[in-house]
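Notebook open, structure loaded. I want to look up the sheet, the pockets and the record's annotations.

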Amino acid sequence: MTMEQTFVMIKPDGVQRGLVGEIIGRFEKKGFSLKGLKFVNVERDFAEKHYADLSSKPFFGVLVDYIISGPVVAMVWEGSNVVVTGRKIIGATNPADSAPGTIRGDYAIHISRNVIHGSDAVESARKEIALWFPEGPIAWRSAVEPWIYE
Ligand code: GDP
Ligand code: MG
């Protein structure tokens with residue numbers, strides 16, 4: 001079994017709407033392990049770096065404005081297949097297409113107010129964790145791990 005890490009961010013709308021506890025709870029109750037957590041106001045340069053791959057998109061400007069519009073919760077979650085499973089928990093990019101039961105499916109309506117970010121691949125997760133947590137994630141082992149993995 002290979003452990004992976006992913007980067008998850010609760011966007012400013014998720015914070016403003018009081019969804020922090022709910023979102024953390026979904027990852028926690030699934031059995032994933034929290035390895036990093038911070039509550040931060042993001043500078044424009046930093047948001048542009050995080051979304052650099054989307055810099056040519058017509059919505060890049062409004063996306064950056066959105067991410068810097070209020071504090072965000074940045075997290076590292078660890079577990080087997082956490083990148084792909086995390087994206088399933090989050091739901092499709094456009095909440096109109098996100099299945100009920102997913103975070104975006106349950107709590108969002110509009111694509112540019114979709115509450116949460118999750119890395120889309122192991123490689124982008126590695127880059128995003130290095131950007132947001134240059135000090136590195138917290139190394140610890142959950143005592144319940146033997147009750148989650150065979
Ligand atoms: P994600 O990985 O599911 O978050 O989706 P992407 O990486 O493709 O896009 C990053 C973020 O940009 C999304 O979560 C949305 O907040 C925003 N976004 C994506 N597509 C659009 C769009 O067509 N219009 C607007 N306004 N925002 C978009
Ligand atoms: Mg993405």
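My entries follow, one topic at a time.

**Ground rules.** I am working on a predicted model, where local features need pLDDT of at least 70, side-chain atom pairs count only at pLDDT 80 or more, and totals for chains, interfaces and linings use all residues. Residues are numbered from 1 along each chain as its sequence is written, chains are lettered from A and ligands numbered from 1 in the order in which they are written, and side-chain values use heavy atoms, with hydrogens and water left out.

I checked UniProt: an unreviewed entry puts "domain: Nucleoside diphosphate kinase-like" at residues 3-140. I keep in mind that UniProt positions are in the numbering used here, feature names are shortened, and annotations may be inferred rather than shown by experiment. The span 3-140 is 41% helix and 20% strand, and its end C-alpha atoms lie 13 Å apart. Helices (H or I, at least four residues) and strands (E, at least two) are DSSP runs, numbered from the N terminus.

What is the strand order of the open sheet? I read 2-3-1-4 for its 4 strands, with antiparallel pairing; a pair needs at least two DSSP bridges between the strands. Strand 2 and strand 4 are the edges, each pairing on one side only. Neighbouring strands are turned by 20 degrees against each other on average, direction ignored. I then followed strand 1 (residues 3-10), which pairs with strand 3 in the antiparallel sense over 8 bridges. Valine 8 has methionine 75 in strand 3 as its bridge partner. Helix 2 (residues 20-30) packs on this sheet and touches strand 1, strand 2, strand 3 and strand 4, at about 10 degrees to the direction of strand 3. Contact here is heavy atoms within 4.5 Å; axes are lines fitted to C-alpha atoms, for helices over the stretch in contact, and angles run from 0 to 180 degrees between N-to-C directions.

**Largest pocket.** I get a volume of about 710 Å³. A pocket is an open set of points on a 1 Å grid over the protein atoms alone, where a 1.4 Å probe fits, with protein on both sides within 12 Å along at least five of seven lines; lining residues have an atom within 4 Å of a point. Grid points are joined across faces, edges and corners, and the volume is the space filled by probe spheres set on them. Of the 26 lining residues, His50, Tyr51, Leu54, Leu63 and His117 are closest to the centre. Helix 7 gives the most, with 4 residues.

**Second largest pocket.** I get about 160 Å³ here. It is lined by 16 residues, with Gly31, Phe32, Ser33, Leu34 and Ser142 nearest its centre. Strand 3 gives the most to this lining, with 3 residues.
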